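Colleague: I'd like to learn how to read a fold like this one. Can we take the sheet to begin with, then the packing and the charged pairs?

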Amino acid sequence: MKKVAVIMGSKSDLPVVKKAIAKLQEFGVGYEAHVMSAHRTPDQAAEFSKNARENGFGVILAAAGKAAHLAGVLAAHTTLPVIGIPIKSSTLDGLDALLATVQMPSGVPVATVAIDGAENAALLAVQILALSDETLAQKLKGMKTNMRAGVADADAQLQQELQAL
Ligand code: RP5
């Protein structure tokens, strides 16, 4: 199975990025996590992205805050799908990172999740890998079933509580 690259612009992004790592672990997907910056280590980021496909990666997750150019720069150097995670790490509450990540020019897409949406970024990566992996696809199906059961339980509980009012 292909691995997922989890790249963060700063170690300070890790508390959010941990949620993506936990999801990948839950699904048994191999990953590598690195700190690389579009601004502080631009050559290293470009080099990583250029070699990512031949190094066994299938998807790249890129988490960055503020003027978040990391996902875009990685996407510029690869044909792998890149998923951007805008991090809320500034006085602008992550809106800066969201816009910087999502507003890519035609020809260089970055699939952008919500501000701090690390868990969904990992799930999207799993869904991409599941296109060619039936075991992963079945695990995703199981997750949906569990979610449905969780909502049904919550609704049943709500009905009970309403009757007691
Ligand atoms: C971005 O700037 C990083 O992704 C991080 O979210 C933010 C702040 O980085 P540090 O100054 O904490 O290293 O590049």
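Modeller: Strands of a sheet pair through backbone hydrogen bonds, either parallel or antiparallel. Here five strands make an open sheet with parallel pairing, in the order β2-β1-β3-β4-β5. At the edges sit β2 (31-35) and β5 (111-112), each pairing on one side only. Strands (E, at least two residues) and helices (H or I, at least four) are DSSP runs numbered from the N terminus, and two strands pair if DSSP finds at least two bridges between them.

Modeller: Before we go on: this is a predicted model, so local features need pLDDT of at least 70 and side-chain atom pairs count only at pLDDT 80 or more, while totals for chains, interfaces and linings use all residues. Residues are numbered from 1 along each chain as its sequence is written, and side-chain values use heavy atoms, with hydrogens and water left out.

Colleague: How many bridges join β1 to β3?

Modeller: Six, between residues 3-8 and residues 57-65. For instance, Ala5 has Ile60 as its bridge partner in β3.

Colleague: And which residues of the largest nonpolar core touch the most other members?

Modeller: In soluble globular proteins, nonpolar side chains tend to be buried together. A core here is a set of buried Ala, Val, Leu, Ile, Met, Phe, Trp, Tyr and Cys residues joined through side-chain atoms within 4.5 Å; buried means under 20% relative accessible area, exposed over 50%, partly exposed in between (1.4 Å probe, protein chains only). Of the 28 residues in the largest one, Val4, Phe27, Val29, Leu61 and Ile85 touch the most other members. Helix α5 (118-130) is among the elements that each supply at least two residues, and its eight are the largest share. A second, separate core has 20 residues, including Ala45 and Ala75.

Colleague: How many salt bridges does the structure hold?

Modeller: Three, counting a side-chain nitrogen of Lys or Arg within 4 Å of a carboxyl oxygen of Asp or Glu. In one of them, Lys3 meets Glu32 with the closest N and O atoms 3.1 Å apart. Lys3 is in β1 and Glu32 in β2, so this pair ties together parts 29 residues apart in sequence.

Colleague: Which residues are linked in a network?

Modeller: Lys23, Glu26 and Glu119. Glu26 and Lys23 come to 3.0 Å, and they are about one helical turn apart in α1. Glu119 and Lys23 meet at 3.8 Å, N to O, linking α5 to α1 across 96 residues. Lys23 is buried at 13%, whereas Glu26 is exposed at 52%.
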